[in-house]
Structure formats: C-alpha cells, structure tokens
Amino acid sequence: QSPLKSFKGFSLEKVLCENAKSKSLFVLGQFEGSDDKAVVLLEKMPFSSERATHYVCSDTSLKETLKNDIYGTYDAFIPVQENAVKATVIYPATEKHITKYTDQERFVVTETAELYKNITLPYLEEKEFSVQWVYNILEKKKESERIVFEDPDPETGFILLPDMKWDRKNINTLYLQAIVHKHGIKSLRDLNGTHLPLLRNILENGSAAIKEKFDVPRSKLNIFFHYLPSYNHLHVHFMHVNNETHGFSHLLTDVIQNIELKEDYYQWKTLTYAIREMDELYKRFKEADHL
Ligand code: M7G
C-alpha cells in the first residue's frame, strides 16, 4: 500500500464526534472507488515551546478581530508547516471502530468477578477487537524503527514504543505503550502472582528507558492500565503527568502492590468503569439487569 497523499475523492458521510476542548473532529466517510468505510480522526496539535520563535515571527500574518485600549485579538495565520493537524485514518473501519469514535452517552458499570465471568468474558471471546496491529509490532513487521526499548524474554519481556496518539514532538504529551511479549493475558483481570516479575520489569525498565531516551524521570510519568481496555493483549500506558487522563485507569504501582498483598486480587476485585450506549457490552449488561 502506498502512503495516502491527500483526501482527494473522499466523501464525507457524517461527523461522529466533535470536541471543542480537545480540538478534535472525528468523521466517517469513504474513499473513491471503495465500498469500505473509513474513520478519520482530526486533532489540532499542542504548541511546542521549542518552536515558539516559529509561531511569533514575520511569516505569521495577523487579521485583527478586536482592538480595545491595550487589548487586541487576531486570527493568526502561522506558517503552514507549523500548523499541521494530526490525522489518523482507520481504513477499512469496522462497525466497532465507528462505534468507538462516535460521541455517545456513558454509563458506569460495577463489574463483580461473577459478572466478569458471565457477561464480560463471553463478550470478549466473541467480539474482540482485532489485535493484529499488536502482533505486527511484536513480530517487528510494523513500527520497528520506533521501538524505544525491548526485552525479548517470552515470559517477562515487552516492547516499549510511542503510542499512536503521541505526535512524538511534544514532551509534555509524551505517551508510550509497553506491549508484553506473552500472549493470552487479556487485561488486568487475568493478572496474578505469577505475573509480578513481568509487571516489575515493565515498571523498572520501561521507566529507565524513557529517562534515557527522553530525559523524563519516573516522577513525571503516569503509568497505568485501562480497564476495560479496547485491545485485549496486555499493554501498559506510560504518559507524561502533564497530560490529562480520564478516569477508570489503574496505576501499575497499585496493581503490583495489590497482587503482592493478595495474588489473585484481580480475580476477586469488583471493577468499575464506563461503557457507552452503543457498545454491545452495554446491551448485555442491560439485558441482564445490571444497568
Ligand atoms: P487501550 O487501553 O486498549 O484502549 O489502549 P483505548 O484506545 O480505548 O485507550 C490501546 C492504546 O494503543 C491506545 O492508547 C492507542 O492509541 C494505542 N494504539 C492503537 N493502535 C491501533 C495502535 C497502533 O497501531 N500503533 C501504536 N503505536 N499504538 C496504537
């Protein structure tokens, strides 16, 4: 596949989500000559302090929108190359991708161990998101040039690399993923005492690699799991603490300590998280009278 050069011939079907705060717009559409759907995520990128002189310079033209006493506001047209919008294209997109990026009502579920076994697990086994992209990374078929650190041990090893969401320019929005080599660990729920060496290895060597490569110390990192994750192959999020995160994440240090206290902690723990009304899982919890 040759890289996409423009959106020529793209027909917009609808806007899935619009968010003024995160300055993003997600749309659904089709490329000319294809029956498949494409989801396009457009996000304005944060300013970078190292590039400040490129924003306030003679190449930036100003159109005054207000002037009152000492206060002036302008539409500032900064040089094109400084003004790129991050575009993520998911193509061909499945129904699940369309749902994932559609703005919708959220509900909080309280998932006991029993509800996990009876509702969540059967759903995951049937309806999992494909993790082909994860296998491509682990097998070095994709993104291998981006790898920041690898421990190849099949039990305790992992690959650390930039998250797709990070622009890889702004340190304040630093975001990496540690993806474990071991297959078959779906999420936090599956973790037990046997995984402690893996988890400690990710914490220690993942943080050390980020310190070495990006000069960001562990005291600046938010290291966590999502539950429920979108992708059911165990991975740990490493995010700069200046980034905003949403709720329902579980800190790696807490997870390690909980398992140290009780090795099957996550096989017993009731876990609370948000699901959205278009999620198949929402329907299943509702049908079972748990929402
Ligand atoms: P998650 O907690 O399973 O789901 O995290 P979420 O997307 O609901 O947060 C998966 C993480 O992997 C997210 O932060 C994604 O941005 C990231 N990610 C997803 N894909 C498909 C890719 C990819 O192809 N490459 C990379 N580098 N990161 C990805």
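1. Helix α5 (residues 196-214) lies across β8, β9 (158-162), β10 (175-180), β11 and β12, and the helix runs at about 40° to β9. Helices (H or I, at least four residues) and strands (E, at least two) are DSSP runs, numbered from the N terminus. Axes are lines fitted to C-alpha atoms, for helices over the stretch in contact, with angles from 0 to 180 degrees between N-to-C directions. Helix α6 (residues 252-261) also packs on the sheet, where β11, β12 and β13 are touched; the direction of α6 makes about 70° with that of β13.

2. The model is predicted: local features need pLDDT of at least 70 and side-chain atom pairs count only at pLDDT 80 or more, whereas totals for chains, interfaces and linings use all residues. Residues are numbered from 1 along each chain as its sequence is written, and side-chain values use heavy atoms, with hydrogens and water left out.

3. The sheet is open and consists of six strands in the order β8-β9-β10-β12-β11-β13, with antiparallel pairing. Two strands pair if DSSP finds at least two bridges between them. At the edges stand β8 (149-151) and β13 (249-251), each of which pairs on one side only. From one strand to the next, the twist averages 25°.

4. Within this sheet, β11 (residues 221-226) and β12 (residues 235-240) are antiparallel partners over four bridges. F224 has H237, in β12, as its bridge partner.

5. Setting aside residues up to four places away in sequence, N201 touches D151, T156, G157, F158 and G206, contact meaning heavy atoms within 4.5 Å. The side chains of N201 and N205 are joined by a polar contact of 2.5 Å (a pair of N or O atoms within 3.5 Å; within protein, one must be able to donate a hydrogen and the other to accept it, and residues adjacent in sequence count only if both atoms are side-chain atoms).

6. The ligand is surrounded by 15 residues, the closest being K100, E143, D163, H226 and S230; a residue is counted if one of its heavy atoms lies within 4 Å. An N or O atom in the side chain of D163 is 2.5 Å from an oxygen atom of the ligand. A polar backbone atom of M164 lies 3.2 Å from a ligand nitrogen atom.
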